[in-house]
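Please read this briefing with the sequence and the structure side by side, and look up each residue as it is named. The points are grouped by topic.

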Amino acid sequence: VLFRSREHNKANVNKKMLSRVVREHQDRQALFREHQDKRRKAALASVQKCTSAMVDTLNSGVEKAYQNQKKLDNEARILQTQSVRYVKQTTEWLNLVEGFHKNLKSLGDVEQWARTIEADMKIITDTLDYAYKGSGEVGVLEHPPNLASANLRQ
């Protein structure tokens with residue numbers, strides 16, 4: 001009986017030791033899991049914070065690019081409107097200059113016409129003067145009017 005009780009005690013002691021070793025192992029595992037869980041949560045928080053910061057940075061850049069694009073579109077519309085207006089204005093100016101040129105040209109034609117009429121009138125006046133002065137003398141002409149030089153002045 002004593003032997004059995006010794007073996008029984010030994011077995012109990014072994015069970016207790018084994019039980020204690022298992023419990024210690026389980027405690028260490030629980031502590032390890034707890035540390036792992038804390039590290040995982042901290043890593044997730046860091047990743048979330050980093051992702052949020054990157055998204056904010058990217059959104060800021062995208063927003064700035066979008067604002068710049070809006071400004072460029074607006075300026076392009078304004079430039080197009082101004083270009084159309086300047087083309088119309090330039091066309092009007094060209095038409096005015098062309099009309100002025102035609103009027104100037106016709107004015108030159110009128111001047112030439114006036115000179116021609118003046119020269120013709122001079123010839124007629126000279127001829128009449130000559131005819132009047134020469135009417136007293138029959139058949140003798142002192143100076144005939146210079147018709148050729150009057151025609152050259154035209």
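**The salt bridge of Arg40 and its surroundings**

- Arg40 and Asp37 are 3 residues apart in helix H1, which means that about one helical turn separates them.
- This pair also belongs to a network of salt bridges, in which Asp37, Arg40 and Lys41 are linked.

**Other salt bridges in the model**

- The structure holds 7 salt bridges, and two further examples are described here, each with both partners in helix H1.
- Glu24 forms a salt bridge with Arg20, where the closest N and O atoms are 3.6 Å apart.
- Both of these residues lie in helix H1, which covers residues 2-133, and they are 4 residues apart, or about one turn of the helix.
- Glu24 is partly exposed at 39% relative accessibility, and Arg20 is partly exposed too, with a relative accessible area of 44%.
- Glu98 and Lys102 meet through their side chains in a salt bridge of 3.7 Å, taken from N to O, and they are 4 residues apart in helix H1, about one turn of the helix.

**Overall make-up and surface**

- The protein chain contains 2 helices and 0 strands.
- Of the 154 residues in the protein chain, 3% are buried.
- The accessible surface of the protein chain comes to about 14,400 Å², and 61% of that surface belongs to carbon and sulfur atoms.

**A nonpolar patch**

- Which residues make the nonpolar surface patch of about 620 Å²? The patch is made by Val110, Trp113, Ile117, Met121, Ile124 and Leu128.
- Trp113, one of the residues in this patch, is found in helix H1, and Trp113 counts as exposed, with 57% relative accessibility.

- The pLDDT, which is the predictor's confidence in each residue, averages 83 over the protein chain, and 82% of the residues score at least 70.
- Over residues 147-154, however, the pLDDT is below 50, and this stretch has 10 contacts in the model beyond near neighbours in sequence.
- Where pLDDT is low, the predicted coordinates should not be read in detail.

Terms used. Residues are numbered from 1 along each chain as its sequence is written. This is a predicted model: local features need pLDDT of at least 70, side-chain atom pairs count only at pLDDT 80 or more; totals for chains, interfaces and linings use all residues. Side-chain values use heavy atoms; hydrogens and water are left out. A salt bridge is a side-chain nitrogen of Lys or Arg within 4 Å of a carboxyl oxygen of Asp or Glu. Buried means under 20% relative accessible area, exposed over 50%, partly exposed in between (1.4 Å probe, protein chains only). Accessible areas come from the Shrake-Rupley method with a 1.4 Å probe; for residues, only the protein chains shown count as cover. Patches are made of residues with over 30% relative accessible area and no salt bridge: like charges are joined within 9 Å, nonpolar side chains (Val, Leu, Ile, Met, Phe, Trp, Tyr) within 5 Å. pLDDT is the predictor's confidence in each residue, from 0 to 100. Contact means heavy atoms within 4.5 Å.
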